Each structure stands twice: as structure tokens, then as C-alpha cells.
Amino acid sequence: MSSATTAKAEAAASASRRNGSGDSQDYEPNMVLATRHFDVVGTRPVRHDGTDKVTGRAIYGADLTLPDSLHGAVLRSPHAHARIRSIDTSKAEAMDGVHAVVTADDLPPAEDKQVDVGEGMTRLAYVHGNILANGKVLYQGHAIVAVAARNAHIAQEAARAIEVDYELLPSSMTAPEAMAPEAEVLHEDLFTKEFGEETARPSNIAEHFRWTLGDVGDGFGRSSVVAERTFDTATVHQGYIEPHNVTALWNHDGRLHIWCSTQGAFVVRDVTAKVLEIPVSNIKVTPLEIGGGFGGKIPVYLEPVAALLSRKTGRPVKMVMTREDVFIGTGPTAGSHVRVKVGASADGQLQALEASLAYEAGAYPGSYVAPGGMCIFAPYDCANVSVDCYDVVVNKPSCAAYRAPGAPQAAFAAEQVIDEVAERLGIDPVEFRLQNCSKEGTRRVDGPKFRRIGCEEVLRAVQDHPHWSAPLGGQNRGRGVAVGFWFNVGLESSCTLNVNTDGTVHLVEGSTDIGGTRTSIAMQAAEVLGISAEEILPEVVDTDSVGFTSVTGGSRTTFATGWAAHDAAQKIVAEMRSRAGKLWGVGPEAVEHEKGVYSCNGKSIGFRELAAKASRTGGPVSATATVKPRGVGGSFSADIVDVEVDLETGKVDILRFTAVQDVGKAVHPSYVEGQMQGGSVQGIGWALNEEYFMGDDGTMRNSSLLDYRMPTVLDLPMIDTCIVEVANPGHPFGVRGVGEANIIPPPAAIANAIRRAAGVRLQRLPMSPPAVWAAVDKARGMAA
Amino acid sequence: MHWIDYLRPRTLDECLDAFAEHGEAARALAGGTDLLVQMREGRRSNAVVIDVKAVEECNQLSYDDSEGLTLGAAVPCYRIYGDEAVRRHYPGLIDSVSMIGGTQIQGRASVGGNLCNASPSADAVPALIALRATCLIASSEGWRNVPVEDFCTGPGQTVLRPSEVLLALLLPPPEPGSGACYLRFIPRNEMDIAVAGAGVSVRLSGGRFADARVALAAVAPTPLLVREAGEVLKGRPVDRNALGLAGEAARAAARPISDMRGTAEYRSNLCAVLTRRALETAVQRAGGDLG
Ligand SMILES: Cc1cc2nc3c(=O)[nH]c(=O)nc-3n(C[C@H](O)[C@H](O)[C@H](O)COP(=O)(O)OP(=O)(O)OC[C@H]3O[C@@H](n4cnc5c(N)ncnc54)[C@H](O)[C@@H]3O)c2cc1C
């Protein structure tokens with residue numbers, strides 16, 4: 001224990017030396033293929049929202065209380081699965097201070113149509129059903145009734161006074177349970193879609209599909225080593241620090257104004273419009289600062305409910321979830337059951353890869369099993385691949401995205417079996433991965449061919465990193481490695497630039513800023529305009545004030561909204577050339593622009609001076625650009641991790657951790673490092689202790705931050721980062737996106753390290769002390 | 001809405017009168033780090049809260065070589081580990097008060113509250129039992145003294161009657177050649193509830209155990225004094241074999257449950273491991289040598 005702690009302190013100290021964190025040493029990307037020189041992109045300006053955030057001035061949803069507000073509370077199901085026989089709200093309604101009560105009956109009936117919920121489509125009926133339970137509750141925490149009252153205490157008391165008569169039903173907590181023929185069906189109208197075809201079978205399997213390349217039977221036949229294992233992962237929550245919140249005001253003119261914490265103000269607007277059957281133009285959504293989301297602040301939970309309560313009362317209604325509400329009523333990400341089989345020939349060539357993934361969608365279809373299947377073998381170039389995916393509904397909260405949704409579960413399985421094959425072949429695990437890695441032109445099992453990618457560069461960076469060859473020392477220690485892939489998304493973004501007469505530029509955008517994106521977007525505009533990042537003043541605005549912008553998610557914001565800023569800035573440059581031309585009596589084509597200086601025939605004028613002459617040269621200078629980019633570049637990441645296992649208690653100490661990621665171009669290296677560290681930490685939590693601990697009755701036993709064990713700072717070493725830049729040819733600055741790929745390898749890398757430290761392979765997450773101890777104890781019993 | 005009366009008596013008499021008057025409806029408030037959390041979660045709803053922090057008798061912290069330590073029931077952890085005499089004479093108690101919660105919690109949380117909350121996992125209690133502490137209890141009717149190991153009667157249950165208040169804990173002065181230690185196991189490195197804990201004390205004489213006590217946390221409905229573990233050590237030479245036997249006695253005495261914090265089997269194993277490891281430290285502190 002004490003030696004582990006010292007080793008950790010040393011590793012942290014050396015990591016912070018290398019990282020230069022805290023001092024002025026600039027970043028040295030380990031491997032750079034993006035060789036273009038930039039003036040702003042790649043530097044570390046202070047973030048525009050920094051002062052507000054560190055002084056506590058930034059306004060979050062819970063800070064906002066409009067005059068005359070009522071406060072809402074939600075009654076949630078105490079049962080995992082039950083039919084609602086009746087709801088009696090009379091006692092609550094009779095209470096002093098209670099102003100309104102709403103149930104599913106207050107929602108307009110859901111039409112049978114699909115709705116875009118941010119990163120994909122789903123049935124409107126499912127969105128409805130999750131917002132307020134209709135006829136049946138499908139998980140503990142399912143919202144049933146909402147109350148608006150004079151204050152939050154009365155609202156909560158009123159919610160408790162509502163009487164619901166339940167007929168309990170058997171529940172299924174995991175995919176294998178829910179897939180069993182005797183399992184109670186959650187949705188009578190859910191028919192399995194098999195290989196793209198609707199069947200007539202109502203079941204909990206919403207969908208089953210398969211992707212194949214070549215012939216795995218052939219491949220396994222040619223293999224001299226074949227390994228196969230089955231893995232399970234527990235449900236985990238995104239764990240953002242700020243609970244969901246909303247204030248809604250349904251005005252007397254029929255306009256609905258919503259203030260909330262969301263990753264996508266336009267998603268809130270559009271989904272609320274569909275659910276309430278009102279035009280999108282009647283809704284204005286103002287996103288407030290957001291205290292984390294990680295994918296979990298894409299779904300809409302409270303907004304339509306607060307809107308209904310506001311419509312009934314004519315007053316603003318504010319609702320703020322408790323931590324328990326967040327655990328049982330929002331998120332989480334899918335628990336999984338994954339089988340992986342890998343075959344390789346004696347020379348270390350992968351011959352066949354096979355996987356079957358069954359993911360828990362929670363109460364409604366949509367488990368992110370598809371991205372799991374797309375990513376599971378993406379790092380490997382193999383001719384014979386087969387991947388089966390099952391999307392399974394279970395009696396847990398409906399899944400939300402969580403940072404590379406679906407991929408960490410897949411990697412936990414695949415990267416362990418890959419490791420095992422390398423071990424059995426006697427090949428170094430990084431060498432083995434390099435020998436088989438995906439490159440430009442490799443075809444992924446789900447169809448696309450990779451364009452320029454950085455899988456090989458990431459693995460080489462692992463090999464070259466001093467961590468990989470550092471001595472481990474000590475007893476019961478092991479080093480593990482794993483790799484992960486995330487494809488990233490593009491979607492749609494808008495940006496407007498307004499040039500001020502003092503030479504600054506207001507940047508108006510609609511991407512809520514979760515990880516410093518105001519700055520990374522502003523920097524791209526600054527680069528084009530040839531001015532400093534500080535001279536751009538970015539602002540995230542409401543849905544009435546900027547063009548449509550998709551969610552902050554899919555690692556797309558710096559990539560896509562940054563691209564919109566780039567395009568808008570190019571329009572400004574074009575306009576400024578024409579303004580300079582006017583000054584000098586020449587056409588815009590005669591004016592040259594370089595780094596913010598406009599010149600023609602020996603005359604020149606800087607951006608600031610030219611901005612001051614806007615009125616004399618034709619009026620305000622402003623430009624808007626919208627994008628729907630295609631050139632999305634996927635990101636590979638890898639971790640090196642050293643652990644020490646206490647064989648007597650099963651406790652795993654992380655001694656040293658290095659995260660490597662190809663980000664294309666690190667626009668703001670500090671935020672890139674922050675994303676890599678954040679994703680790694682969440683991956684470590686997922687690996688070691690986090691889980692929804694469910695009782696036999698299907699209720700969550702640890703819905704508090706005390707017992708849902710996310711890592712604290714004392715549980716973590718310094719997370720060393722190694723930025724790899726293989727420019728994405730599809731983006732003006734080579735950006736790929738950085739927010740997600742980093743959460744994928746940690747659980748697998750830690751499992752591989754435990755295997756080397758303690759001689760056991762953990763096939764279930766979390767690898768908590770009791771689980772590790774039981775595995776070690778079992779192995780000892782077998783050895784004895 | 002639910003209303004609460006808050007009383008803050010300034011003297012012991014006022015305090016005892018208040019408890020006598022309100023009886024079952026009242027609940028004592030020390031640091032509030034258990035009580036306020038429970039009230040907020042709706043697990044307790046007492047109509048009257050009596051703050052004992054202004055009562056002098058609950059705030060004393062004094063050490064005397066012949067009397068030992070008088071530890072007022074409301075003294076917060078930071079005062080205890082900030083006290084030179086306690087640090088010198090009761091390192092086993094320091095182990096536990098410096099691990100309860102974190103710095104902020106230790107600014108408020110008291111050992112009296114830790115004990116009266118009667119959680120099986122309370123970290124200060126096994127250390128108190130190992131150190132032979134007793135509870136000084138008062139009511140308007142009179143005073144009584146109860147050994148800490150007899151104080152808790154079940155989860156959240158104690159021998160306190162509705163009109164009674166815990167005034168202080170009394171710890172005898174450490175004898176020469178003695179040492180103590182408290183160790184707990186938590187999956188994280190802070191902010192967690194003991195999956196199991198072991199508080200031990202030893203007295204060594206001539207290379208043998210003259211006396212020993214072992215108490216466990218979180219493996220029974222109450223903190224558990226394992227007399228067998230002490231008995232097995234008495235008279236034995238100080239060596240690792242003896243520690244292992246005590247560990248096995250602790251394992252055998254544990255009556256754990258399986259829950260989200262660990263399985264029963266795992267907790268029993270922890271009892272053996274923690275007892276052995278805590279004894280190693282206690283022996284070192286007593287100036288012993290395990291070879
Ligand atoms: C974040 C956090 C972390 C924590 N970590 C730990 C931990 O690591 N280990 C641990 O053991 N505990 C932990 N706790 C629980 C708690 O802090 C401790 O049990 C603490 O010692 C309680 O002391 P208190 O003074 O705050 O008690 P209070 O909350 O004031 O009281 C606790 C109970 O004792 C009763 N009581 C208090 N004083 C008296 C008295 N004089 N006479 C009669 N009854 C009395 C109260 O009525 C109440 O029922 C933690 C709590 C929090 C919030």
C-alpha cells in the first residue's frame with residue numbers, strides 16, 4: 001500500500017514534469033504530421049468564459065429564478081415494472097400552495113412517427129412514454145406525475161401525497177435476462193426487427209443485425225491460436241456534476257420560453273415542439289451554462305413537463321432534479337453482454353474476428369449497440385469479420401449517449417481477447433496491434449473504407465513513449481495497453497461574426513460550451529482573420545438568435561462549429577478586402593490579405609483600422625456561415641496503464657497512466673489534454689468501481705454519490721497525455737475531434753494490466769475489490 | 001410543510017431539562033453530519049432538534065496521566081487530532097478521527113455523534129472499544145457509565161433513553177508497552193463507508209502479548225468486540241503467526257451481510273486481513289518487533 005502510494009506520487013511528479021502542467025512550457029506533440037504553421041490554432045489562450053466560471057458568476061439553471069416562479073417536483077415509480085391501475089392526485093391538488101398537477105393524460109397523444117432526438121431517430125411514442133409514464137412504468141424512477149407549487153418543499157410533499165395503484169410485473173435487468181423466451185415483455189407493440197425486416201414477434205429484442213466481411217469460418221480454420229471469451233459490463237451513469245434543471249414560461253401569447261442545461265438547445269426546441277404539438281417557431285430555448293453532460297444532457301426529460309405546468313398556471317415553472325432523480329431518472333449508458341472470438345496465424349496475422357454484442361437499451365429501444373459494433377474491431381485490418389448486434393430493452397432508465405456511446409463496452413471485450421492472443425503467440429501486445437492495425441484504405445466491418453487515419457501513429461507513439469519501457473518495480477504490478485476508435489460526427493452548425501468598430505469581433509454560435517469550445521471555435525475565426533483569440537468575443541445564444549446548430553456531442557463542436565466560424569471568417573476577409581479596396585479606389589481582387597493586414601500597391605491597413613472605417617466604407621461588417629460537413633475524421637486513442645493489485649483485498653491502485661490520442665489538430669492543446677484526461681478518468685471509474693447496484697426487486701441501491709463510486713482525486717495518478725496529430729484532410733485545420741475516443745481504452749487497458757499483475761482476467765465491469773479478490777481467490781483455489 | 005424547533009441550551013441543566021421535556025420528539029444535534037443528511041433524505045423527522053454544541057460538558061477535551069482522556073461528545077475531529085496529548089497517547093483514535101469524511105466533515109463531525117448514530121460501519125467506534133472507552137451518559141434523573149461495546153444495540157439503536165444525552169467518552173490512560181491502531185477498507189481512497197474495519201490495541205511485555213483487544217466495524221448489526229481474538233493473543237510470543245491466528249478469530253466472529261459494498265464472504269476475508277495488518281502497526285507502536 002505505502003510503496004504503491006510512493007510510486008504513484010513519483011509517477012505523478014514525473015508526469016507533471018513531462019506535461020509541463022502549471023508551468024509555461026508549451027506542448028510538444030509526440031507525433032506531428034500536421035505540419036502547417038498557424039498563429040492562433042495550436043496556442044493556449046485563456047478561455048473566454050474563464051473569469052465567470054472561476055468567480056462563480058456564470059449562470060447555471062439552478063441559479064435562475066424568474067419573478068413569480070412556481071416550483072415543480074416529479075413523482076417517480078418506486079417499482080421496476082408495473083401496470084398503473086389508477087392515479088389519484090386529489091390529495092395533492094387539495095394541498096395549500098399546490099397550483100397544478102400533470103400526468104401523461106395532459107400530453108397530446110403521440111402520433112406514430114419518428115423524431116430526431118439529437119444524434120439519431122426514435123419513435124415519438126417512446127419519447128412521450130419516457131417523459132411521463134403512460135399506463136405502465138418501465139423502471140424505478142420513471143416519471144409519472146408532476147406538481148407545481150409555491151415552493152419546492154410543498155411540491156415534493158404534494159408529489160408524495162399522490163396515490164398510484166400498481167400491478168407489479170416481473171422485471172428484467174440485463175440483456176440476457178430480457179432476451180430469455182420467458183421474460184416479461186416491456187412493450188406489447190415492440191416487434192423484433194431482424195436483419196432489417198420487421199417480424200411479428202413482440203419481444204424485448206428491439207433489433208438484431210449483423211455486419212460481415214469475408215468468411216470468419218475460413219479465417220478461424222487458418223488460425224493457429226483462437227481465443228474466445230464472454231464479457232459483461234454494468235450500467236454506469238455519465239455522472240455530470242450539475243443535475244438537470246429547467247425553467248419554462250408559456251406566455252399568454254402562446255410563445256414558450258425554456259431556459260435549461262442542455263447539450264443541444266435546438267434539440268430541446270424541436271423535441272418539445274413534437275411532444276407538445278406546437279410549431280418550433282413558438283419555442284425559444286435559452287441554454288444556460290452547463291455543468292457537464294457527456295451525452296446525458298441530450299435527451300429531453302423535464303422541459304415539456306415544466307411547459308405543461310406553466311401553461312396550466314400561467315406562471316414560470318422551475319424544476320431542478322436531485323442527485324437521486326439524476327441516477328434513477330436520466331442517463332445512464334448501456335450495460336452489455338459481449339462475446340468475442342479472435343483467431344490469428346502463428347506469424348501473428350489476424351485471420352478472423354467475431355463478436356456478438358447485446359446491449360441494454362433501458363426502457364426504450366436505442367442502446368448504442370450499433371456504434372459498439374462499428375468500433376469493436378475498427379483498429380484492426382482483417383479480411384474476415386462478423387459482428388452481431390442486439391438492441392435489448394430492460395427495466396432500467398432509458399439509455400443516453402455517454403462519450404463514445406457503446407464503444408468502451410466493446411473495447412473492454414475485444415481488447416482483452418486481442419491481448420490474450422498476442423500473449424499466447426508470444427508477441428509483444430503493441431507489436432501485435434501494429435502488425436494488424438487499420439490504415440488508409442482498410443475497410444470497416446460496417447462498410448466504410450478509412451481515409452487517412454492515425455491508428456498506426458498512435459501505436460507507434462505508445463511504443464516510443466518512455467512509459468512503455470519504464471521499469472515497473474514492486475510486487476503484484478502489471479502494465480496494460482489497449483486501443484480504441486471513435487468515428488466522430490459532423491451534423492450541422494451555424495455561426496455569425498459581427499465586426500465591431502474597435503476591431504473586435506462578436507462571434508455568435510449555438511453550441512453549448514462544455515469543454516472550452518467558445519475558445520476553440522473563436523480561435524479558428526481568429527486564425528482566418530489574422531487577429532488574436534482575445535479579439536474574438538464568442539457568445540452562445542438562444543435558438544431565436546442563431547441558425548440551427550446540432551448538439552454539442554459526437555466530438556463535433558470544434559470540428560463543425562469551428563468550421564462554420566472558419567467559413568464566416570473567410571466571408572469577413574472577402575468583405576474587408578472590398579472595404580479596403582473602396583478606400584483606395586480599387587476592386588477587392590486587387591487587395592491582398594495576410595495575417596490581418598490588407599494591402600495593395602504598397603499601401604496597407606490593419607484589421608482594426610479598417611474595422612473603424614466600416615461606416616465610411618459601406619456600413620456594418622457581418623457574415624454568417626452554416627455547414628453540414630462531410631469530411632469527418634475518426635480518432636484513435638490508446639492507453640498505457642500500470643497497476644498494483646493488493647491480492648488480499650482485491651484493491652487495484654493505478655500507479656501510472658498515459659493517454660495517447662490522434663486529435664488531427666489540437667486547436668487549444670490545454671483543452672485537448674483536459675478532454676484526454678477527463679475521458680481517461682471516467683474510463684477508470686467505469687473500470688474499477690462505478691455501477692448501478694440493483695436489488696433483487698430491480699431498484700437501484702446506490703443512487704447517491706457516496707455509494708456510486710466515481711473516482712476522487714486521491715484515486716488517480718496524474719494522467720499523462722500524448723497528443724498525436726495526423727491531420728484530418730477533411731477539415732480546414734485538420735481537426736478530428738477529441739471528446740470521446742479517450743474513454744474507450746481505459747477499462748480494457750486496466751484489465752490487461754490486472755491480468756499481468758495478478759494473473760487473472762476480469763470478464764465483468766466493474767473490476768471492484770470484491771470482484772478482483774474473488775477472481776484471485778478462485779485462481780488460487782484452482783492452483784492449490 | 002414540515003417545521004422543526006431548534007433549541008440551543010447553554011448549560012447542562014438547560015440541556016437535560018430540554019431532553020426531559022421533549023423526550024421521543026427530540027433528537028440531539030452535534031456536528032449534524034449524520035443527522036442533517038438523514039433529515040434531508042427524509043429518514044428522520046424529529047420535531048425538536050437540541051443542539052448540544054453550546055454545552056460545556058460536551059466540549060471538553062482534557063488529558064491527565066492518571067485519569068486518562070475526557071473527550072466531550074460534541075468535540076469535532078479536527079480538535080482531537082490537533083491536540084498534542086491525544087496524538088501522543090491515543091494514535092489509534094487519531095487513525096479513525098482523521099479518516100472520517102474529509103477536511104470539511106472533520107471540522108464538524110464528533111466522536112459522540114459517530115457513536116450515537118450507531119451505524120455498524122462507524123469508524124471511531126472500534127478504536128474506542130479497543131481503547132476500553134466508556135460512555136458518560138446523563139439525564140435529569142442522574143448519570144451512568146456504559147462501556148462503548150455495550151452502547152449500540154442495533155443499526156441506529158443505542159442504550160440511550162429518550163431523556164438521556166451522551167456527555168463524554170472516558171478513555172483510560174495508556175499503559176506502558178501498549179499500542180493501538182484502526183484500519184478500514186474502502187474501495188476508494190477517501191469519501192467512503194467502511195466495507196469492514198478493525199480497531200485493535202495491544203500491550204506487550206517481555207516479547208509476549210500481555211493483553212489485546214480487537215473490535216470490528218461493518219460486519220455485524222453493531223460494532224463488534226471480538227474477545228476471542230484478544231484471548232488468542234494473550235501470552236503468545238509477538239510474531240506473525242500470532243497475528244494470523246487473531247485474524248482468523250476475527251474472521252470467525254464476523255457476521256457480515258452481502259450488499260452493494262461487498263459480499264459477506266469478502267467482508268469476512270477483510271476482517272482477517274485488516275485485523276492482522278492493524279495488529280502489525282499496533283505492535284510497532286507498542287515498540288514491539290515482529291522480526
Ligand atoms: C460526506 C460525509 C462523509 C462521512 N464519512 C464518514 C466516515 O468516513 N466514517 C464515518 O464513520 N462516518 C462518516 N460520516 C458520518 C458522520 O460524519 C460521522 O458519523 C460523524 O462522526 C457524526 O458526528 P456528528 O457530530 O456530525 O453527529 P450528528 O449528525 O450531529 O449526530 C449523529 C447522531 O447522533 C446523535 N447524537 C449526537 N450527539 C449526541 C449526544 N451528545 N447525545 C445523544 N445523541 C447524540 C444525533 O441525534 C444523531 O442521531 C460521513 C458523513 C458525511 C456527510
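Visitor: In S3(B), which residue is the bridge partner of Tyr6(B)?
Guide: In this predicted model, Tyr6(B) is partnered in S3(B) by Val49(B). Strand S1 of chain B, residues 5-7, and strand S3 of chain B, residues 48-51, run parallel and are joined by three bridges.

Visitor: And which residue of S3(B) does Arg27(B) stand opposite?
Guide: Arg27(B) also has Val49(B) opposite it in S3(B). Strand S2 of chain B, residues 26-29, runs parallel to S3(B), with four bridges between the two.

Visitor: What unit do S2(B), helix H2 of chain B and S3(B) make?
Guide: Together with helix H2 of chain B, residues 35-40, the strands S2(B) and S3(B) form a β-α-β unit, and the unit is right-handed.

Visitor: Let us turn to the contact between the chains. How many residues does each chain contribute?
Guide: Chain A gives 21 residues to the contact and chain B gives 16. On the side of chain A that touches chain B, helix H5 (152-160) and helix H21 (769-783) of chain A each supply at least two residues.

Visitor: How do the residues on that side of chain A divide by class?
Guide: The side of chain A that touches chain B has eight nonpolar, six polar and seven charged residues.

Visitor: Now the sheets of chain A. What is the strand order in the sheet of four strands?
Guide: The order is S24-S23-S22-S28 in chain A; the sheet is open and its pairing is mixed. Its edge strands are S24 (536-540) and S28 (621-627) of chain A, each of which pairs on one side only. From one strand to the next, the twist averages 20°.

Visitor: How many bridges join S22 of chain A to S28(A)?
Guide: Seven bridges join S28(A) to strand S22 of chain A, residues 493-499, and the two strands run antiparallel. Within this pairing, Val499(A) has Val621(A) of S28(A) as its bridge partner.

Visitor: Which strands does helix H16 of chain A touch when it packs on that sheet?
Guide: Helix H16 of chain A, residues 517-529, touches S22, S23 (505-509) and S24 of chain A, and its direction makes about 140° with that of S24(A). Helix H17 of chain A, residues 557-584, packs on the sheet as well, touching S22, S23 and S28 of chain A, at about 145° to the direction of S28(A).

Visitor: At roughly what angle do the axes of H16(A) and H17(A) cross?
Guide: The two axes cross at roughly 30° and come within 8 Å. H16(A) is therefore roughly parallel to H17(A). Their crossing is right-handed.

Visitor: Which residues make the contact?
Guide: From H16(A), the residues include Thr517(A), Ile521(A), Ala525(A) and Leu529(A); from H17(A), they include Thr561(A), Ala565(A), Ala569(A) and Val573(A). By class, the contact of H16(A) with H17(A) has nine nonpolar, nine polar and no charged residues.

Visitor: What about the sheet of three strands, and how is it paired?
Guide: This open sheet of chain A has the order S25-S26-S27 and antiparallel pairing. The edge strands are S25 (592-594) and S27 (603-606) of chain A, each pairing on one side only. With direction ignored, neighbouring strands of the sheet are turned by 25° against each other on average.

Visitor: Over how many bridges do S25(A) and S26 of chain A pair?
Guide: S25(A) and strand S26 of chain A, residues 597-600, pair over three bridges in the antiparallel sense. Glu594(A) has Val597(A) as its bridge partner in S26(A). H17(A) packs on this sheet, touching S25, S26 and S27 of chain A, and its direction makes about 45° with that of S26(A).

Visitor: Another helix pair, then: how far apart are the axes of H8 and H9 of chain A?
Guide: The axes of helix H8 (residues 265-276) and helix H9 (residues 303-313) of chain A are 9 Å apart, and the helices pack at an angle of about 55°. H8(A) and H9(A) are therefore oblique to each other. Among the residues in contact are Val268(A) and Leu276(A) of H8(A) and Pro304(A) and Ala307(A) of H9(A). This contact of H8(A) with H9(A) has five nonpolar residues, one polar and one charged.

Visitor: Finally, the backbone. Which residues does a cis peptide bond join?
Guide: The cis peptide bond joins Leu765(A) and Pro766(A), with omega about 0°. Pro766(A) lies in the loop between strand S32 (764-765) and H21 of chain A.

Visitor: And what is the phi of Asp68(A)?
Guide: Asp68(A) has a positive phi of about 75°, although it is not a glycine. Most residues other than glycine have a negative phi. Asp68(A) is placed in the loop between helix H2 (50-54) and strand S2 (70-76) of chain A.

Notes. Residues numbered from 1 in each chain as written. Chains lettered and ligands numbered in written order. Predicted model: local features only at pLDDT ≥ 70, side-chain atom pairs only at ≥ 80, totals over all residues. Axes fitted to C-alpha atoms, helices over the stretch in contact; angles between N-to-C directions. Parallel < 35°, antiparallel > 145°, perpendicular 65-115°, else oblique. Contact = placed C-beta atoms within 7 Å. Nonpolar A, V, L, I, M, F, W, Y, C, P; charged D, E, K, R; others polar. Pairing = 2+ DSSP bridges. Right-handed = clockwise from strand over helix to strand, strands pointing away. Left-handed = near helix turned anticlockwise from the far one by under 90°.
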